[in-house]
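Please look through the sequence and the structure shown here before reading on. The explanation that follows moves from a metal site to the strands and then to a helix.

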Amino acid sequence: MNLGCIPREEVPDVLCQMPKAELHIHIEGSLEPELIFELATRNRVELPYQTIDELRAAYAFTDLQSFLDIYYAGAGVLQKEADFFDMAWAYLKRAKADNVVHAEIFFDPQTHTARGIPFETVIGGLDRAIRRGREELGLSASLILCFLRHLSEEDAFAVLEEALPFRDKFIGVGLDSGEHGNPPEKFAGVFARCRELGLRLVAHAGEEGSAEYIRHSLDLLKAERIDHGVHCLDDPELVARLAQERIPLTVCPLSNVKLCVFPTLSAHNIGKLLAAGIVATINSDDPAYFGGYLNRNYTATFAALPELGAKEAYQLARNSFEASFVDEGTKEGWIMELDDFFSRRC
Ligand code: ADE
Ligand code: ZN
C-alpha cells in the first residue's frame, strides 16, 4: 500500500484512530490510583499513602524491581470478585476509546492467591468484564495467566493446577516479574506441561535481561511471542532469527523509559526493530504506572522518533493482528479493516 499520501501532521490522528490489538497489558498495571483508593476504602485496606497525589509521587522508578515493589503492594486492595471486574472493565473502556479491537490481557494470579484470594474470585471478575466488553463494547479480549518468575517452578505448577478447572477462561501462559537471577530454564518443566495442554506460550525476556534470555525462552520454553525483547539487538544472529521465523516482540516504549531500560524515548530502538524486519508491536504494559494507555504509547513514540511515519503506523497495527492468538480468518478480517482505514485516509 502506498502510504506516502498521508501528510506527516496527520500521523498522530491516524495512530489514534486506526484499529489495533494490544498484546502486552498486565491488568493489575491498569489499576489507577483513584481506583486503588476507592477499593482500599471499600475493603477497609490501610494504604501507606494519605492521598492520590502522594501515591502518584511514589511512581518514580529506577529499575524494574523498584516498580514491582509498588505494583504488588497496589494489587493488595483487590479482594472481591467485583474488584477484579471493576479493574478490568475500566481497562476495556479505555482500550475501546483507543480503538483497540482485540486485547490479550495478562493477569498474575499468584499475587492474589498468596494473599488468600481464591483463584476463582480473580478469574471470575476478569472473565465477567471480558464477556461484558464483548457484548457492550464489541471488543474482543482474552486472558493469559502469568507465572511470577521470582517464585519457584513448584509454585507455578501449583497455580496451574488451581487454574485448570477454569481452562476455558484463559488462552495461554506467560512469565513475568524480575528477570535478573530468574532465567527461563527455571520454568522449562511447567512450560512443557502447558504446551501439552494446548496453551499458547509467551514470556517476558530481554527487558532488563540479556539476549540469551530471549534465545532460551524460544529454545527451552518454546515461547511463541517475546514480551519486550528489546535487548535482541545486542545479538545480530538472534535478530535475523526473530525476523526469519516471524517471532513477534511486544514492545512497551513508555514502560521502557519509566523503568530506565532506555534513557529517553528518542533513544528507543523500536524503529531499528522494524527496520530489521521484526514483527514488533507497541503496547502499554502497566499503563496506570507508566504514563499512558495504548494511543499515548504510539503518539509519544512517533513524536520522539523522526524515522517513524505512516508506513510504520500501518506496519505496527498490522503486526499487532498478525502476532495475536486469534484464528487466521479473524486476523484476515481485522487486517482488511485496517487496509480499508488506510485507503480511506489517502
Ligand atoms: N509485571 C508487570 N509489569 C512487568 C514488567 N514490565 N516486567 C516484568 N514483569 C512485570
Ligand atoms: Zn510486561
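How are the donor residues of the zinc ion (ligand 2) spaced in sequence? In this predicted model, the spacing of the donor residues reads H-x1-H-x177-H-x80-D. The pattern links distant parts of the chain, since His24 sits in strand β1 whereas Asp285 belongs to the loop between β8 (280–282) and α14 (287–290), 261 residues apart. The protein donors are His24, His26 and His204, each through NE2, together with Asp285 through OD, and they lie 2.0 to 2.3 Å from the zinc ion. Both His24 and Asp285 are buried.

Strand β7 (residues 249–251) is joined to β8 by 3 bridges, and Val251 has Ile282 of β8 as its bridge partner.

Helix α5 (residues 81–97) has 17 residues, which at 1.5 Å a residue should span 24 Å, and this agrees with the 25 Å between its end C-alpha atoms. Its buried residues, among them Phe84, Phe85, Trp89 and Leu92, pack against the strands β1 (20–26), β2 (100–107) and β3 (140–148) as well as the helices α2 (33–42), α6 (109–113) and α7 (119–137). After α5 comes Asn99, whose phi is positive, near 60 degrees.

Notes
Residues numbered from 1 in each chain as written. Chains lettered and ligands numbered in written order. Predicted model: local features only at pLDDT ≥ 70, side-chain atom pairs only at ≥ 80, totals over all residues. Heavy atoms only, no water. Helix = DSSP H or I, 4+ residues; strand = E, 2+ residues; numbered from the N terminus. Expected span 1.5 Å × (residues − 1). Buried < 20%, exposed > 50% of the residue type's maximum accessible area, 1.4 Å probe, protein only. Contact = heavy atoms within 4.5 Å. Donors = N, O, S within 2.8 Å, 3.2 Å for Na, K, Ca; no water. Pairing = 2+ DSSP bridges.
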